[in-house]
Amino acid sequence: MDIIASYGTVLILIAAAVGFFMAYGIGANDVANAMGTSVGSKALTIKQAIFIAMIFEFAGAYLAGGEVTSTIRKGIIDAAPFADIPELMVLGMIASLFAAGTWLLMASFLGWPVSTTHSIIGAIIGFALVAVGTEAIQWDKVGGIVGSWIITPAISGFIAYLIFMSAQKLIFDTDAPLKNAKRYVPLYMGLAGFIMALVTIKKGLKHVGIDLGAVEGYALSIAIAVIVGIIGKIAISRLKIDPQADKQMQFNNVEKVFAVLMVLTACCMAFAHGSNDVANAIGPLAAVVNIVENNGEIAKKAAIAWWILPLGGFGIVAGLAILGKKVIKTIGEGITHLTPSRGFAAELAAASTVVIASGTGMPISTTQTLVGAVLGVGMARGIGALNMGVIRNIVVSWVITLPVGAALAIVIFYVLRTAFGV
């Protein structure tokens, strides 16, 4: 208890620094996933993608980041065994952030799209095992989260497959692809607008003091979807396209239309990602701040301090801008050849899955969701369209993330215990 009283401010400053470091790692690795499909399909340049991600990642983290934060903070480990030794919880959370951030940085340098959720959960489990023992870990919660890592890529892959096949059937495999694109693409835009609006209204606005009921939330989302669809229709009608062109030229022009759509889904994915994954950086940080401010008492319910969400948002943006390019290449170009229509199907499917998970408070892996969606699009064209070597490397990096996160956290935890004399 003494170190919390003596070093309270120091501990909060250290936690804030490693929380920013972790958010930086998320930006470098995970945001690249969100933008990889847009860049790989040539719908956006790297600079444009980074600019869009900065705005929407920050908005997602700041407006809608609270819902999942509570799950990471209170769900993985049981606070009860730490009640008499809260300083171990504080040092453990700092160690977890530092460990997970370190692994994300290493993976980003190698161009591996790993899971930030895996990283932080592995780190938290690692420190809890050596600090208190197996009884501190909520194994049923961990089991549910591990289950979600298998289920969510499957769900997003299936949704991506359906969206891509619907575009093939309604647009590409018809006699007049251009005419049908002008008819159906605004509907896809409306769907993307609906998904993005729903997560903002249902989960985001609560944190800024606006709480709409279910009926009003859905009604407003539908209204926004209609507006987005109309804007899309106007934007597409302005594209200069020759309707008399041959079929190959028409296909190219249809992809131009989907490129317009990709910008919307890139925004959608960045927002959904910010709302879901900022929790990995700010959950443990919020836990440290609350324990210190309550003089060592581990509170069941804890308000997030006003400065924590912006800190997470800024960290994500910095990581993306400085180190995001390598993982963008892996996702956008390494797994399968992407065109705007394929990238759109993958991104919208991934955003939909993330939104569903964020709404239910399940800390899923955005990385695995998006890779699942890209695989779904690739599978729609046959197994030969997939680069199995890249996929194998990605899967190996996923498997080692949990144990690496745990091992790093254990080492850092022992260093901190020695440094603070606990």
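Local features here require a pLDDT of at least 70, and side-chain atom pairs count only at pLDDT 80 or more, whereas totals for chains, interfaces and linings use all residues. Residues are numbered from 1 along each chain as its sequence is written, and side-chain values use heavy atoms, with hydrogens and water left out.

I begin with confidence. The chain averages a pLDDT of 82, and 90% of the residues score at least 70; pLDDT is the predictor's confidence in each residue, from 0 to 100. Confidence is lowest in helix α3, residues 66-75, at a mean of 58, and highest in α4, at 92. Helices are DSSP runs of H or I, at least four residues long, numbered from the N terminus. Where pLDDT is low, the predicted coordinates should not be read in detail.

Let us turn to α4. The axes of α4 (residues 86-110) and α14 (residues 388-420) come within 7 Å and cross at roughly 135°. That angle makes α4 oblique to α14. Axes are lines fitted to C-alpha atoms over the stretch in contact, and angles run from 0 to 180 degrees between N-to-C directions. Angles under 35 degrees count as roughly parallel, over 145 as roughly antiparallel, 65 to 115 as roughly perpendicular, and the rest as oblique. Among the residues that meet are L88, F98 and W103 in α4 and I400, L408 and F420 in α14; contact means heavy atoms within 4.5 Å. By class, this contact of α4 with α14 has 15 nonpolar, 6 polar and 1 charged residues. Ala, Val, Leu, Ile, Met, Phe, Trp, Tyr, Cys and Pro count as nonpolar, Asp, Glu, Lys and Arg as charged, and the others, Gly among them, as polar.

In the second pair, the axes of α2 (residues 46-64) and α10 (residues 308-323) come within 9 Å and cross at roughly 160°. The two helices, α2 and α10, are therefore roughly antiparallel to each other. Their contact includes M54 and F58 of α2, and F314 and L320 of α10. The contact of α2 with α10 divides into 13 nonpolar, 1 polar and 1 charged residues.

Finally, the threonines. T367 lies in helix α13, residues 366-380, and is buried, with a relative accessible area of 0%; buried means under 20%, exposed over 50%, and partly exposed in between, with a 1.4 Å probe and protein chains only. Not counting residues up to four places away in sequence, T367 touches D30, N33, P113, V114, S115 and W398.

T353 is found in helix α12, residues 340-360, and counts as buried at 3% relative accessibility. Its C-alpha atom is separated by 9.6 Å from that of G157, 196 residues apart along the chain.
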